Amino acid sequence: MSSFFEAQGLNYSVRSQSRSFFQPRPARPILQNINLHLAERETLGIIGSSGSGKSTLARILSGLLQPDNGHVSLRGEDFTNATSDVRQKLRPEIQMIFQDPQGALDPRQTVREIVGEPLLPLSLTQEEREQRIVNVLRDVALPSNSLNRYPRAFSGGQRQRIAIARALITKPSVIIADEAVSALDVSTQAIILNLLLDLQERYGLSYIFVSHDLAVIRHISHRTAVLDAGHIVETGPTADIFSNPQHDTTRSLLAANF
Ligand SMILES: Nc1ncnc2c1ncn2[C@@H]1O[C@H](COP(=O)(O)OP(=O)(O)OP(=O)(O)O)[C@@H](O)[C@H]1O
Ligand SMILES: [Mg+2]
């Protein structure tokens, strides 16, 4: 049975930088043979040290980056090797939230423009679009007078609510969050994590949650995968990973975090 969202046999490498035109450029593997799956309404945490490949994996899973081989599919539909029609159909279904709420939002755009942007390719009337924007702002508990304001007028936590609203507006089934709360102070982190848990219930969302912060992953994930130098070395229910780690990498991550 094909799973709701899955990645199979993903490989990704980069050509190393070379000063000389004549020097060969060996490919450096960044991710190797990544397999993972995600059920509906489930959260999969991905942990790993800096440089282990978490962000690269997140970008491949969200379709921003093309793997060398392997595939990512939603409801059995492969979108890595898909025609542009299929890609266009699946694009609204998978959204991403990034770490830096400031950098991810265009300072010259109003909240209405930022949040409404993913709707532009969809054929909606002006009124439908406005209604969706108003509804999603309400769902992330941003004040209704936010619409005409610019990102700089908001706090870090509020800016992350704007980014979440933009991710939610296409009614996705999967949200991939890369260090989504890492730039926030601890109390704001807790508020945003609880908002994400609440939205998961209400929207029926599945999350892939990438973080170097194990406390965050422990709080939000049902299952956790451990990435080490481009390989998944261990995966299982979050409680098991944290109470009974099987791999040395997991043990040293736990030792460094707690
Ligand atoms: N475009 C690129 N060109 C060259 N190397 C790259 C590129 N993108 C990523 N890498 C390398 O791939 C590896 C994985 O990077 P990635 O950003 O995915 O790690 P990460 O686990 O997200 O790290 P962090 O916890 O610091 O965010 C790193 O060694 C990085 O230098
Ligand atoms: Mg990263």
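This is a predicted model: local features need pLDDT of at least 70, side-chain atom pairs count only at pLDDT 80 or more; totals for chains, interfaces and linings use all residues.
1. **Sheet order.** The model contains an open sheet of 6 strands with mixed pairing, ordered β6-β7-β8-β3-β9-β10. The edge positions are taken by β6 (94–97) and β10 (231–237). Each of these has a single partner strand, so one side of each is left without a neighbour in the sheet. From one strand to the next, the twist averages 15°.

2. **Pairing of β7 and β8.** Strands of a sheet pair through backbone hydrogen bonds, either parallel or antiparallel. Here β7 (residues 174–178) pairs with β8 (residues 206–210) in the parallel sense, over 5 bridges. Within this pairing, alanine 177 stands opposite phenylalanine 209 in β8.

3. **Helix α1.** Residues 54–61 form helix α1, which lies across β3 (43–47), β6, β7, β8 and β9 (223–228). The helix runs at about 155° to β7.

4. **Helix α6.** Residues 186–203 form helix α6, which lies across β3, β6 and β8. Its direction is at about 155° to β8.

5. **Proline 121.** This residue is placed in the loop between α3 (111–116) and α4 (126–139). Is proline 121 buried or exposed? Its relative accessibility is 63%, and because exposed means over 50%, proline 121 counts as exposed.

6. **Proline 121 and proline 92.** These two prolines are 29 residues apart in sequence. In space, the C-alpha to C-alpha separation of proline 121 and proline 92 is 9.6 Å.

Terms used. Residues are numbered from 1 along each chain as its sequence is written. Chains are lettered from A and ligands numbered from 1 in the order in which they are written. Side-chain values use heavy atoms; hydrogens and water are left out. Helices (H or I, at least four residues) and strands (E, at least two) are DSSP runs, numbered from the N terminus. Buried means under 20% relative accessible area, exposed over 50%, partly exposed in between (1.4 Å probe, protein chains only). Two strands pair if DSSP finds at least two bridges between them. Axes are lines fitted to C-alpha atoms, for helices over the stretch in contact, and angles run from 0 to 180 degrees between N-to-C directions. Contact means heavy atoms within 4.5 Å.
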